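Come along and check each entry against the view.

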Amino acid sequence: MNLLEKTLNLRYWQRIKIAFQYVMPQKYLTQIAGWLAKQKWGAVTHFIIKLFAKKYGINMSEAAKENFSDYATFNEFFIRQLKADARKIDGNPTALCLPADGKISQCGEISDETMLQAKGHTFSLRDLLAGDEELTADFKNGTFATTYLSPRDYHRVHIPCDATLRKMIYVPGDLFSVNPFLNEHVPNLLARNERVICVFDTEFGKMIQILVGATITASISTIWAGVINPPRPNEIKTWDYNDNAVKLTKGQEMGAFQLGSTVINLFQADRVKLADNLDVDAVTRVGEVLAYKK
């Protein structure tokens with residue numbers, strides 16, 4: 001069944017939902033959401049946080065700050081830190097750990113330069129990497145895992161193994177929502193959305209960790225560069241870290257989403273084997289096993 005047939009078979013409200021993603025002012029709405037999330041409105045802010053936590057079933061007992069009143073803004077709550085013992089980092093030296101809480105959207109092998117976005121949907125590794133010829137060649141026929149972070153999840157992102165940062169690339173793009181429904185119905189969604197590509201050297205070979213933007217994702221940040229966006233320039237920006245290497249240890253925080261999105265991990269061919277329990281919709285938790293060294 002092709003994309004047109006799949007779309008026609010959807011219910012009317014579902015087709016409207018897809019169409020709305022194409023016509024809505026994505027960046028304008030995201031700017032508004034970002035502004036609102038930074039406001040300090042006291043009891044009003046605490047009430048909004050409480051409603052949000054109740055709606056999405058957020059477990060505040062894991063949070064370093066358990067009380068809603070401890071957060072001055074919605075952003076502070078959304079990128080809340082967890083207690084030190086809330087996530088155990090797997091100690092096996094031959095294992096890489098999961099970078100984020102969420103669910104596996106897709107994972108598996110990259111077929112030449114083709115990656116699976118959702119059932120019946122593929123996209124190009126080259127497009128995902130913004131046409132970078134060297135990186136595309138490095139990860140051709142490699143392995144990937146895509147993790148979707150829902151609104152209820154912890155939104156700090158961690159590094160799967162000891163790693164040295166070599167390059168960071170900001171790629172401007174659309175801000176489509178990345179929820180599972182739209183992931184199945186918007187072609188090339190992950191390769192057309194705004195994203196931050198982080199390239200690392202590891203004992204498992206080169207590794208890329210990509211933070212993908214989305215509607216209402218007001219900003220993406222890393223621990224070494226702070227907030228990457230906004231601003232949102234209309235051109236690709238690259239930072240080289242070869243002469244000023246940033247070293248991270250397995251399980252260490254590397255970045256965060258202020259309102260959620262998706263993380264994509266890429267590994268070179270024949271370097272790692274994904275954990276057997278990873279499949280579509282598998283629940284992920286920071287520190288649990290993502291893959292093993294081959």
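**Entry 1: salt bridges.** For these notes I call it a salt bridge when a side-chain nitrogen of Lys or Arg lies within 4 Å of a carboxyl oxygen of Asp or Glu. I am reading a predicted model. I looked up Asp138 and Lys206 and found that they form such a bridge, with the closest N and O atoms 2.7 Å apart. Asp138 sits in helix α7 and Lys206 in strand β9 (residues 205-212), so the pair ties together parts that are 68 residues apart in sequence. I then checked accessibility: Asp138 is partly exposed at 21% relative accessible area, and Lys206 is partly exposed at 24%.

**Entry 2: two more pairs.** Asp112 bridges to Lys140, and I noted 3.2 Å between the closest N and O atoms. Asp112 belongs to the loop between β2 (102-109) and β3 (114-118), and Lys140 to the loop between α7 (133-139) and β5, so this contact joins parts that are 28 residues apart in sequence. Asp112 is partly exposed, at 38%, and so is Lys140, at 35%.

I also looked at Lys294 and Asp270, whose closest N and O atoms are 3.9 Å apart in a salt bridge. Lys294 is in the segment after β18 (289-293) and Asp270 in the loop between β15 (262-267) and β16 (272-274), so parts 24 residues apart in sequence are tied together. Buried or exposed, I wondered, are Lys294 and Asp270? Both are exposed.

For the whole structure I wrote down 15 salt bridges. I also jotted down a network of salt bridges that links Glu62, Arg87 and Asp101.

**Entry 3: a sheet.** I traced an open sheet of four strands in the order β6-β14-β10-β11, with antiparallel pairing. Its edge strands are β6 (156-158) and β11 (226-229), each pairing on one side only. On average, neighbouring strands in this sheet are turned by 25° against each other, direction ignored. Inside the sheet I followed β10 (residues 219-222) along β14 (residues 253-258), where the antiparallel pairing runs over four bridges. Ile220 stands opposite Phe257 in β14.

Entry 4: How many cavities of 30 Å³ or more does a search of the whole structure find? I got one, and the largest cavity holds about 50 Å³ of space. Its lining consists of Ser105, Thr146, Tyr148, Val178, Pro180, Asn183, Leu190 and Thr262. The elements giving two or more residues to that lining are β5 (143-148) and α8 (180-183). I sorted the lining residues by type and noted four nonpolar, four polar and no charged.

Note on methods: Residues are numbered from 1 along each chain as its sequence is written. This is a predicted model: local features need pLDDT of at least 70, side-chain atom pairs count only at pLDDT 80 or more; totals for chains, interfaces and linings use all residues. Side-chain values use heavy atoms; hydrogens and water are left out. Two strands pair if DSSP finds at least two bridges between them. Axes are lines fitted to C-alpha atoms, for helices over the stretch in contact, and angles run from 0 to 180 degrees between N-to-C directions. On a 1 Å grid over the protein atoms alone, a cavity is a set of points where a 1.4 Å probe fits but cannot get out, and a pocket is an open set with protein on both sides within 12 Å along at least five of seven lines; lining residues have an atom within 4 Å of a point. Grid points are joined across faces, edges and corners, and a volume is the space filled by probe spheres set on the points. Ala, Val, Leu, Ile, Met, Phe, Trp, Tyr, Cys and Pro count as nonpolar, Asp, Glu, Lys and Arg as charged, and the others, Gly among them, as polar. Buried means under 20% relative accessible area, exposed over 50%, partly exposed in between (1.4 Å probe, protein chains only).
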